Amino acid sequence: MAEPLLAIRDLKTYFVSKHAEVRAVDGIDIDVQKGQIVCIVGESGCGKSMTSLSIMRLVPKPRGKIVNGEILFNGKDLLKLSDRQMSDMRGSEISMIFQEPMTALNPVLTIGTQISEILVRHRGMNKRQALDKAVEMLKFVGVPRANEIIHEFPHQLSGGLRQRVMIAMAMICEPKLLIADEPTTALDVTIQAQVLELMKKMRDETGTAIIMITHDLGVVADMADHVVVMYAGQVVESVAADTVFEQPKHPYTRALMDSIPSLEEDKDVLYSIPGTVPSAANFPKGCRFAERCPLAQPSCFDKAPELREVAPGHLVRCDLVS
Amino acid sequence: MSQYVLEVKDLKKYFPIRSGVFKRTVGHVRAVDGVSFDVKPGETLGIVGESGCGKSTTGRMIMRLTTPTDGKILIDGKDITHAKGAALRESRRHAQMVFQDPYASLNPKMSVGESIAEPLIVNKVLSRDDAFERAAQLLDTVGLRRTDITRFPHEFSGGQRQRIGIARALALNPKLIVADEAVSALDVSIQSQILNLLMDLKHEFNLAYLFISHNLAVVRHISDRVGVMYLGHMVENGPKSSLYADPLHPYTQALLSAAPEPRRVKRRERIILQGDVPSPANPPTGCPFHTRCPRVMDVCRSQMPKPVMVHPEHWVACHLHG
């Protein structure tokens, strides 16, 4: 396979305080190819959002710290860049969209100003050119009345429109990688369908790779080429999207699939995973899922399983899977 | 005893829009605009719809947390639309509510026991000591420990807090529980635990639910019947098997096709609606959905469609039918 666009190697992001060390991301490896859509799935607190913030080097300071690993973007380690070089990267080569566009957009600047300042900063355009390009981009992402909307403020737009504006901002420099953290979670289903469709269209036309963080397996089925399932700061399964739905191997992935009600078939009782996620300040020494796993053996509690390849391109962190 | 635990007839809620120095009413937001349905004992009616369709306002009016502008609400055959004081308290013995955010709906300064016992003491059903004994029993019923009675809400996880909210709603042995997005804030593995609990309780106590949610798969799982709301109107209502297999209203069809589903058996063509929901302050004439409907006809722009029974107990308000 060709050299990946992004290669995360043994990344560890910890939150350190006097009393505890919270291992939010604890040694993950993820590859993203050019033009690929990779979905990272997992429940609250599994480290998926912290992974995306680590790539952008936006881990909350001073507590949060990337303590180990490499993030190779086009072969260059992002963690070795100076703050200035990283700042050149953000918005230009790698950009990010967030769950709640209202908190990510500046409430006191017009939409036009916010989009055009990216072009002024990264592409050295003057304001006039940048505004023209902003209007063009807004039209491309399907914002109606683009000429008027550049003079409006975020609060004047609906949730779906705000998310389109965020996408326009993120894509305006044609980045090679777009990180989308729960981009449609706050949106209604009909609007979600519009936004997902738009993201696929952007990928097809510009070849931008997308890392999509989500807890919604439906969205994964809709978007992903490749799926990474995270649990308690680790990758537990990593595989092509088709396989994950047909032959999920890790007991956690299988439990997740069985926990969700279906639109098309009747289930009498939903499977529910007993217990709760272990605290990131105090992980057990064996498998982190063992305590909740229906298949757990005594050995699972002693020895932490490694992520292994069980079939070509199919990685699973479970010693029981053959 | 009435044939229905809940009857809602032509219910309306208009919120005034006030402006100017004298706060004159300049218009109305028609949050709910003539909704009728009923719920039999032991039945679950799911209400689905997107933000702003009026589903939550409907639930709040049934609990009389807001006063209806027009229409009628009968709980167990008694008209409570304008009930006050003792009569209103009496109605709340029959109908209780479970909210989306259990943390916001539990008093942080009251122990779990006090929160659950309070309705019993306020309604003079039991003495203080007996009320606490009952609270302990209820904790047991919802899968928590009896000893949790002295603990405080912050000591519990989100799923456990939702169990406390359910225990409190059960305290007065209601016949109806209004659950507004009761599982929406929870992770999928916790969500399935709460859904299973709600279904067990339903069988154990012959409860009826009005289950309000934006999640179509969850609603399908828990409901016997489903009502679809759009812009303050109920546009379709039918038994779940009939409604999910043969959705009649173009809005229901679009909603079902837009909802992402991990394992789609039947390949449905995805209908992507254009634009946003119109403002309920200035609703369109005729059918409320005509501005986004892919199958709009001339008559839709001027005339409001009447409900037509198409299948047994399955009606739709659309000019394409009838």
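What percentage of the 322 residues in chain A is buried? I got 46%; buried means that 20 or more other C-beta atoms, placed from the backbone, lie within 10 Å of the residue's own.

Ground rules next. This is a predicted model, where local features need pLDDT of at least 70 and side-chain atom pairs count only at pLDDT 80 or more, while totals for chains, interfaces and linings use all residues. Residues are numbered from 1 along each chain as its sequence is written, with chains lettered from A and ligands numbered from 1 in the order in which they are written.

I looked up the elements of chain A and found 11 helices and 12 strands. Those are DSSP runs, numbered from the N terminus: H or I of at least four residues for helices, E of at least two for strands. The radius of gyration of chain A, taken over C-alpha atoms, is 21 Å, close to the 20 Å from the globule rule (2.2 Å times the number of residues to the power 0.38), so chain A is as compact as a globular protein of that length. I also noted a box of roughly 65 × 50 × 40 Å along the principal axes for its C-alpha atoms.

Then I checked where chain A touches chain B. Chain A puts in 35 residues and chain B 33, with contact meaning C-beta atoms, placed from the backbone, within 7 Å. On chain A's side, α8 (189–206), α9 (217–223) and α11 (251–259) each give two or more residues. The largest share, 6 residues, is from α8(A).

Methods. A residue is buried if 20 or more other C-beta atoms lie within 10 Å of its own, exposed if 12 or fewer, and partly exposed in between; C-beta atoms are placed from the backbone. Two residues are in contact if their C-beta atoms, placed from the backbone, lie within 7 Å.
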